[in-house]
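Here's a quick briefing to read alongside the sequence and the 3D view. Keep both open as you go through the points.

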Amino acid sequence: MHDELLTIGRFARLCRLSVKQLRHYDETGLLAPVRVDPDSGYRYYSPEQARDALTIALLRGMDLPLAVIARALAAAPDARAEILRAERDRLAERIDRDRARLALLERLTKGGLPGCEVATGREPDLRLAVVRTTCSPEHIGEAFGACVGRLLPALKAAGAAWEPPLSALYPLDLAERVEIAVGAPVPHGDGVPGLESVVLPGGPVAATVHIGPYAHLPLAYNALFAAVHGRGLRPRGPVRETYLVGPEEAPEEELMTRLTIPVEETTA
């Protein structure tokens with residue numbers, strides 16, 4: 001251990017940091033000086049604090065939140081590794097979302113907003129055996145996969161008679177937390193043990209078919225809602241996505257998804 005304490009300026013040079021950064025780390029509780037002179041307020045650091053200071057700067061450079069850095073510094077090595085793995089996974093998810101947004105913007109720069117054919121008509125009642133979950137909008141994809149992972153084994157275990165395609169139900173408004181449901185069509189009157197039975201009442205709908213990656217579904221939704229409002233209709237929930245051709249059947253460029261929204265005429 002070194003007995004000599006360093007002024008904040010010398011310590012900053014040792015760690016290749018700025019005095020302003022060190023003061024910020026102190027103010028946020030990440031790295032407090034070993035001693036603060038009660039008269040002058042000067043901060044003094046031990047050379048042994050350099051490792052923590054460098055680690056903080058490294059993690060801040062990766063845009064990790066201060067609270068996460070504080071937890072990592074205070075944790076034992078195994079727990080620290082787990083904290084950093086969780087941040088790595090969150091970063092990977094964010095990168096995937098950014099890549100999807102980039103691809104969407106690239107498509108828009110080349111062709112503008114696409115024109116999807118939107119049809120209106122009437123549909124009969126639809127009975128679905130469903131599972132539900134709640135998630136944030138950015139995690140709908142993962143939540144959908146988890147629901148399918150619960151739904152299909154339950155249908156198989158019950159020996160339920162059903163035929164593809166699967167459908168997912170979403171609310172009209174995407175709040176901070178949304179409830180989604182994934183269901184399979186079952187014959188009228190048939191209940192499936194362990195699964196909720198939902199009947200979507202028949203009536204007027206507007207619908208369009210999207211061909212391509214799920215990441216590009218916002219383009220189809222844009223066209224669908226624009227057509228609904230342009231025709232003087234009022235959308236009602238839930239919105240239904242029906243997966244006519246799924247990932248196990250075709251590459252993502254050939255995926256086929258039908259978007260259906262119940263509608264009603266607006267009154268003057």
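Ile-8, Gly-9, Phe-11 and Ala-12 of α1 touch Val-19, Leu-22 and Arg-23 of α2; contact here means heavy atoms within 4.5 Å. Helices (H or I, at least four residues) and strands (E, at least two) are DSSP runs, numbered from the N terminus. Keep in mind that this is a predicted model, where local features need pLDDT of at least 70 and side-chain atom pairs count only at pLDDT 80 or more, while totals for chains, interfaces and linings use all residues. Residues are numbered from 1 along each chain as its sequence is written, and side-chain values use heavy atoms, with hydrogens and water left out.

**α1 and α2**
- The axes of α1 (residues 8–15) and α2 (residues 19–27) come within 9 Å and cross at roughly 105 degrees; axes are lines fitted to C-alpha atoms, for helices over the stretch in contact, with angles running from 0 to 180 degrees between N-to-C directions.
- That makes α1 and α2 roughly perpendicular to each other (the term covers 65 to 115 degrees).
- Arg-16 sits in the loop between α1 and α2, and its phi is positive, near 55 degrees.
- Most residues other than glycine have a negative phi.

**α3 and α4**
- Helix α3 (residues 50–61) packs on helix α4 (residues 66–74) at about 145 degrees, with the axes 10 Å apart.
- On the α3 side, the contact uses Asp-52, Thr-55, Ile-56, Leu-59 and Arg-60, and on the α4 side Leu-66, Ile-69 and Leu-73.
- Sorted by class, that contact has 5 nonpolar, 1 polar and 2 charged residues.

**The largest pocket**
- The largest pocket holds about 1200 Å³ of space; on a 1 Å grid over the protein atoms alone, a pocket is an open set of points where a 1.4 Å probe fits, with protein on both sides within 12 Å along at least five of seven lines, and lining residues have an atom within 4 Å of a point.
- The volume is the space filled by probe spheres set on the points, which are joined across faces, edges and corners.
- α5 gives the most to the lining, with 6 residues.

**Cis peptide bonds**
- Pro-164 and Pro-165 are joined by a cis peptide bond, with omega about 15 degrees.
- Another cis bond joins Gly-237 and Pro-238, with omega about -5 degrees.

How values were computed
Angles under 35 degrees count as roughly parallel, over 145 as roughly antiparallel, 65 to 115 as roughly perpendicular and the rest as oblique. Ala, Val, Leu, Ile, Met, Phe, Trp, Tyr, Cys and Pro count as nonpolar, Asp, Glu, Lys and Arg as charged, and the others, Gly among them, as polar.
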